[in-house]
Amino acid sequence: SKCTFCVEHRNICYSPTASQDAKLKSKYLLRLHYQWANTRERGVWHAKRVEANESPDKFLVVSLDGTDQFPYGLPHFREHTKKEGNSVRMKLSMQIALVEGQPPIFYLAWEHLYGDPNWTIETLYRQLKEEETRRGGKLPPTLYLQLDNCIRENKNTYVVCWLAWLVERGVFMQIFLSFLPVGHTHFINDQVASRVSLSTKHTDITSVEKLEEVLTNCYSPCHRVEWVENVA
């Protein structure tokens, strides 16, 4: 979704009927808005990433982003005919999980698992366990978590309460949950998703093996694909 503030004031800037004063005011407000969104909000997130790189024993940065690169389901064809468009296909959910400094992991699930808080919590749990194993059984005291502005999956009571439960249990001393402003939410997971979109656009994917091959080779550094059969 695009930022309402940006669209409204860009329309004024390009309007042939708006006054010169109105256009100058909108340009000024847009400049302030971009500074807020890109310098302050996005800058805070990048500062957290720097902290994690400089002090990995104190900070852990995890970003999750669900993406739908196969809106028509699988099998996926680079050219669609009318006959194929009317056929029934398997729907697929995809979550891109990324720990700062590590290759991304694709979590995939078939249509029997919904894109809801359970899906977010399950993939985040798996990512934390993966990182705990990589670090020798110990996690840092502070978790920086970046999620997308999706109420259905991320920005809801269930995800927030589960994170609070992790603090209550002593898994982390503190957790910072971040959401970038609406319309300015692109971060590194979206860059990975764009590589997936480009790789699948001109590729016929008719099997699970072909799907895993495309996902594994679409982005560098190398990463892996993990299938999720059920959620807690």
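This is a short chat about the fold of a predicted model.

Me: How many helices and strands does the chain have?
Reply: The chain has 7 helices and 6 strands. Along the sequence they follow the pattern α-α-β-α-β-β-α-β-α-β-α-α-β.

Me: What box do the C-alpha atoms fill, and what share of the residues count as buried?
Reply: Taken along the principal axes, the box is roughly 60 × 55 × 35 Å. Of the 232 residues, 42% count as buried.

Me: What share of the contacts join residues at least 24 apart?
Reply: Among contacts between residues at least 6 apart in sequence, the share is 70%.

Me: In what order do the strands sit in the sheet?
Reply: The order is 5-4-1-2-3-6, in an open sheet with mixed pairing. Strand 5 and strand 6 are the edge strands, and each of them pairs on one side only. From one strand to the next, the twist averages 20°.

Me: Strand 1 and strand 2: parallel or antiparallel?
Reply: They pair in the antiparallel sense, over 6 bridges. One of the residue pairs is Thr67 with Met94, the latter in strand 2.

Me: And strand 2 with strand 3, parallel or antiparallel?
Reply: Antiparallel, joined by 6 bridges. Gln95 has Tyr107 in strand 3 as its bridge partner. The two strands form a hairpin with 5 residues between them, and Gly101 in the turn has a positive phi of about 90°.

Me: What about strand 3 and strand 6, parallel or antiparallel?
Reply: Those run parallel, with 4 bridges between them. Tyr107 turns up again here, with Glu226 in strand 6 as its bridge partner.

Me: Back to strand 2. How many of its residues are buried?
Reply: 8 of the 8, so strand 2 is largely enclosed by the rest of the structure.

Me: Which residues point which way from strand 2?
Reply: Leu92, Met94, Ile96 and Leu98 point one way, while Ser93, Gln95, Ala97 and Val99 point the other way, and all are buried. In a regular strand, side chains alternate between the two faces of the sheet.

Me: Which helices lie across the strands?
Reply: Helix 2 is one of them, lying across strand 1, strand 4 and strand 5 at about 130° to strand 1. Helix 7 is another; it lies across strand 2, strand 3 and strand 6 and runs at about 140° to strand 6.

Me: Now helix 5. What span should it have?
Reply: Helix 5 covers residues 157-169, and at 1.5 Å a residue its 13 residues should span 18 Å. Its end C-alpha atoms are 18 Å apart, which agrees.

Me: Which of its residues are buried, and where do they fall around the axis?
Reply: Val159, Trp162, Leu163 and Leu166 are buried in helix 5. Seen down the axis, the buried residues fall within an arc of 100°, so they line one face of the helix. In general, an α-helix has 3.6 residues a turn, so residues three or four places apart point the same way.

Me: What does that buried side pack against, and what is on the face turned away?
Reply: The buried residues of helix 5 pack against helix 4, strand 4 and strand 5. The face turned away carries the exposed residues Thr157, Tyr158 and Glu168.

Me: What happens at the start of helix 5 and just after it?
Reply: At the start, a side-chain oxygen of Asn156 reaches to within 3.2 Å of the backbone nitrogen of Tyr158. Just after the helix, Gly170 takes a positive phi of about 85°.

Me: What covers the buried residues of helix 4?
Reply: The cover includes strand 1, strand 2, strand 3, strand 4, helix 5 and strand 6. Among the buried residues of helix 4 are Trp119, Ile121, Glu122 and Leu128.

Me: Why does Glu122 count as buried?
Reply: Because its relative accessibility is 11%, and the cut-off for buried is under 20%. Leaving out residues up to four places away in sequence, Glu122 touches Val228, Asn230, Val231 and Ala232.

Me: Last one: Trp36. Where does it lie, and what is it in contact with?
Reply: Trp36 lies in helix 2. At 30% relative accessibility, Trp36 counts as partly exposed. Apart from neighbours within four places in sequence, Trp36 is in contact with Glu41 and Pro181.

Conventions: Residues numbered from 1 in each chain as written. Predicted model: local features only at pLDDT ≥ 70, side-chain atom pairs only at ≥ 80, totals over all residues. Heavy atoms only, no water. Expected span 1.5 Å × (residues − 1). Buried < 20%, exposed > 50% of the residue type's maximum accessible area, 1.4 Å probe, protein only. Arc of directions from axis to C-beta. Contact = heavy atoms within 4.5 Å. Polar contact = N/O pair within 3.5 Å; in protein donor to acceptor, adjacent residues only side chain to side chain. Pairing = 2+ DSSP bridges. Axes fitted to C-alpha atoms, helices over the stretch in contact; angles between N-to-C directions.
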